[in-house]
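Keep to what can be computed from the coordinates.

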Amino acid sequence: MTAYLIRRTLQSIATLFIVSLATFGLLHLMPNGVVRGMLGQRATPQQIAYVTHKLGLDKHIWDQYWIWIKNLLHGDLGTSYIRNQSVDNLVKETLGQSAYLVGLALLLTIVLAVPIGVLQATRRNTVTDYTITTLSFIGYAVPVFFIGVILRDIFQVKLHWIPTANQIDSFSSAFGQPEQMVLPVGTLVIGLVAGYSRYMRSAMLDELTQDYVRTAIAKGATKRRVLYRHVLRNALIPMATLVGLSLPGLVGGALLVEQIFNIQGIGLLTINAAQQNDFVVVLGTTMLTALVTVLGSLVADISYAALDPRVRLT
Amino acid sequence: MALLEVQNLHTQIKLKRSVVQAVDGISFSVEAGETIGIVGESGCGKTMTAMSIMRLLPNGGSSPEGSIFLDGRDLLQLDEEEMAGVRGNEIGMIFQDPMTSLNPTMTIGRQISESVRIHRGTGKKEAHERAVEVLQLVGMPSPMQRAQDYPHQLSGGMRQRAMIAIALANEPKLLIADEPTTALDVTVQKQILELIDSLRERLGMAVILVTHDLGVIAGRADRVNVMYAGRIVETTQTERLYANPRHPYTEALFDSLPERGAESGTRLYSIPGLPPDLTDPPKVCRFSPRCRYAQDDCRAQDPPYRVDEVGHEFACFHPVGAAERSGEDLKVTLSEATSRQELPAGEIGDVLLEVSDLVKDYPITKGLLRRQIGTVSAVAGVSFTIRRGETVGLVGESGCGKTTVAKLIVGLEDTTSGAMKLSGADLAALKARDRRKRSKDVQLMFQDSYAAMDPRMRVRTVVREPLDIQKVGDKAAREARIRELFDQVGLPASALERYPHEFSGGQRQRVGFARALAPAPKLIVADEPVSALDVSIQSQVLNLMKDLQTELGLSYLFISHDLSVVRYLSDRIGVMYLGKLVEIGPAEAVYSRPIHHYTRGLLDTIPVADPEVEKAKASAGVAGELPSAIDPPSGCRFRTRCPAAQELCAQVEPPLAPFGSDGHEAACHFPIWK
């Protein structure tokens, strides 16, 4: 197990390194370079030269990368070109509310999707099953931003059930105004539950056909007991993996939701920075997303081994 | 009244568009303390009968009709809750595959104690104590520790013991064992069957033993029900059934057994055709289309049950066997059926394949740098030869390395060391590219042809693929070759357009055979080619293999756990144990005069379809289970299970040495004979 963890950590570091290289390279491929993007088409060559020099962008790309990496290892993600603020600070200001949004959505999704999946599997091919299936296909097919906009227009703009209050710009404002989080979390949950419940349904159906279920019934176990003591646990094993692996996708979904509901989270930060060619910020948030992805898959593997005695991590 | 009375049981299975009459009006009874055998081929309804008694029918299967009285109570009239009180309490059941039948994420201790808690309402601690007690009862070594284990940590035999412990935790009056040993090795099979038998005596319970294997049932059952197409076609005492079968189907089953053919040196009988479609069973004798004695009345109406003077029941107008056959019936018999053919005897030529000192080790790694900490010694210095036109059989328990030998010869695995000379060229030393070219000379036949074919390919493409790969001839030539192959394996050319799932098991094995034959190989390595088939279909494939060997001068390396099948087909038999070849020699010599104690034990464990032989068996077969190949025993690897082992066996590894002049060799310090 220890050897496994060490090996996986080394692999993760390698992955992050490659991600940093790729992101760095891609951002430098931007037409006309970063500075023209920042200053606009009317900037004079002198202005461009000046800013380029000031930001250290006239150095060789490898030198730039080296400096960036060196700072990163010291916990310094650099300074935003536009906002005159360190990226560390920007991340600190935005991470809390984003994590809250994603975490809450994930928790609610699991709480909802597992029972729905179980219900569908036990009522397979009944009206209940078909109805939920239809609803989940709709929920799955409709893009997140569309759901978000619809929910906002109905509940905030038309019905005024939820006041269009201040923007959420900190963790405490997110935590302190639960009514403001209902729609953004709800938007994420709709899409997620649709997918997760399908997954849970098929995991349950898979397990229900296994021979050990027959053994349990032959023991005299009631339907309830078979379902909850035997089938459910085994069906939850693949779900644990799913949660870990869907983390990066969740971050992507959160990005859109933050924009719709004006949550000053890390997603919105990234979008704005990208539009403004503030590439140090984009680099920082990309690395953060990559870290979450790598950790997510590690957690998925470890929880898989923890839940299934047959799996040994080597 | 008997303990269990099944009366006029009908079980239907509803499918999407049709209804299958899986069990169609059967009646039988089981007395307390008695063992009843239910025997028949797949799809005959034997498992459905067992499931009906437990009311464990698959979803969508409508509830069985008729009545099933257990101690006077009709199980079919109980509600679901009452039935749950019967299952695992009054009737225990064990299933075929103990691996999949146990919950993989629950310790076996908990799986047993669950059964106790459900029915006895005892607390956790008490139930656990009972679980350990039952594990002890079923002969589980160190039961306290094993109770903490998960199913995957146990061997197959131990898993089946755990299964039995679950079924017997509440001391039921009736145990239903559905193919309880089909997934196990013969040596373990014997242990498990003996365990069930001794537990039956100790607990005074009745047993229903459901199996396809006439040998398994011979020494165990008091009475046997033979099932065919959803009906019981014959029922009587075991001894009487085996000595004098009255129904032609039962007789045909016996005639299909490879041991019968091996003894008399004749072709195996195989039952033509397939069982009827049970969605709309014909209103005539259901066996008549496949029966060698069928006459007009058989095809006109359903034969009723008849009882002869000794209480032997059967449903047939023209019974076979001793008692009451009229002269007219006999004529038919003699002209059509008893014309047993002699086996074709092909010529055996010079050496085709010479395997010498073949070794295959798999590394075991551990730690951060995946350091090698040991090896699994799968094949440890095996040498033998196969001549042109010869069949060499390889037998042994699972894990003995026989399949690894097959993989090495075919080239699916690389050898660790050793040589495999095929017509002079060492296959092990060839480069990958040259090896691929030579692969047309050695082809593989699989156990599960369905799994070994692309389900989305028509069988024409399946069979043509090796020709395409080896670039044999042009398009027309390949097409002609495919037709020739299909003709050889006895399939119509119209079958070329079909997909693998559209064939029956036996036909699919023929397609697999055709594919192996396609590049005109010299040697076919057949790994358990008939193990998944019913006995009547098995004989068809075995006969075909034998015919084509003579016709094409093929050599076979025939691998099987089933000694009687190997004996029927092989000229010579090699016995493997834990990576070593411990004995090899002419088939009859190995079979009738084994030298190695392992061979002797293995022969004793094979269930023979003869109750007298089975009951007279005194030998314990092979005790214990196969040790791990990671750190095999020193000296003779068999010494840990050998009745004749002495100190020398642990110190010096016995070499393979000749005994007699017929090429019979064995590796043993203290052979059975010299």
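The report starts with chain B, then turns to its domains, one of its sheets, and chain A.

**Conventions**

This is a predicted model: local features need pLDDT of at least 70, side-chain atom pairs count only at pLDDT 80 or more, and totals for chains, interfaces and linings use all residues. Residues are numbered from 1 along each chain as its sequence is written, while chains are lettered from A and ligands numbered from 1 in the order in which they are written.

**Chain B overall**

Chain B holds 25 helices and 24 strands. Both kinds of element are DSSP runs numbered from the N terminus: helices are H or I with at least four residues, strands are E with at least two. The C-alpha trace spans about 75 × 65 × 50 Å along its principal axes. The radius of gyration of chain B is 26 Å, which agrees with the value near 26 Å for a compact globule of 674 residues. That radius is taken over C-alpha atoms, and the globule rule is 2.2 Å times the number of residues to the power 0.38.

Of the 674 residues of chain B, 49% are buried. A residue is buried if 20 or more other C-beta atoms lie within 10 Å of its own, exposed if 12 or fewer, and partly exposed in between, with C-beta atoms placed from the backbone. Among contacts in chain B between residues at least 6 apart in sequence, 67% join residues at least 24 apart. Two residues are in contact if their C-beta atoms, placed from the backbone, lie within 7 Å.

**Domains**

Domain bounds come from an automatic or database domain assignment. The table lists them for both chains.

| Domain | Residues |
|---|---|
| Domain 1 of chain A | 2–73 |
| Domain 2 of chain A | 94–307 |
| Domain 1 of chain B | 1–90 + 175–186 + 198–337 |
| Domain 2 of chain B | 100–171 |
| Domain 3 of chain B | 351–425 + 540–666 |

In chain B, the C-alpha centres of domain 1 and domain 3 lie 36 Å apart. The contact between them joins 20 residues of domain 1 to 20 residues of domain 3. On the domain 1 side, helices H9 (214–218), H10 (238–243) and H12 (258–264) of chain B each supply at least two residues. By class, that side has ten nonpolar, five polar and five charged residues. Ala, Val, Leu, Ile, Met, Phe, Trp, Tyr, Cys and Pro count as nonpolar, Asp, Glu, Lys and Arg as charged, and the others, Gly among them, as polar.

In chain A, 33 Å separate the C-alpha centres of domain 1 and domain 2. Their contact takes 13 residues from domain 1 and ten residues from domain 2. H1 and helix H2 (33–39) of chain A each supply at least two residues of the domain 1 side. H1(A) gives the largest share of that side, nine residues.

**A sheet and its helix in chain B**

Four strands of chain B form an open antiparallel sheet in the order S14-S13-S16-S17. Strands S14 (371–387) and S17 (425–426) of chain B are at the edges, each with a single partner strand, so one side of each has no neighbour in the sheet. Two strands pair if DSSP finds at least two bridges between them. Two bridges join S16(B) (residues 417–422) to S17(B). Lys421(B) stands opposite Asp426(B) in S17(B).

Helix H15 (residues 402–410) of chain B lies across S13, S14 and S16 of chain B, at about 75° to S14(B). Axes are lines fitted to C-alpha atoms, for helices over the stretch in contact, and angles run from 0 to 180 degrees between N-to-C directions. H15(B) is mostly covered, with seven of its nine residues buried. Among them are Val405(B), Leu408(B) and Ile409(B). Gly411(B) follows H15(B) and has a positive phi, near 95°.

**Where the chains meet**

Chain A places 20 residues in contact with 25 residues of chain B. H10(A) gives the most to the chain A side, with six residues. That side has seven nonpolar, six polar and seven charged residues.

The buried residues of H10(A) (residues 211–218) include Tyr212(A) and Ile217(A). The buried residues of H10(A) pack against H11(A), and against H1, S6, H3 and H7 of chain B. Gly220(A) follows H10(A), with a positive phi near 100°.
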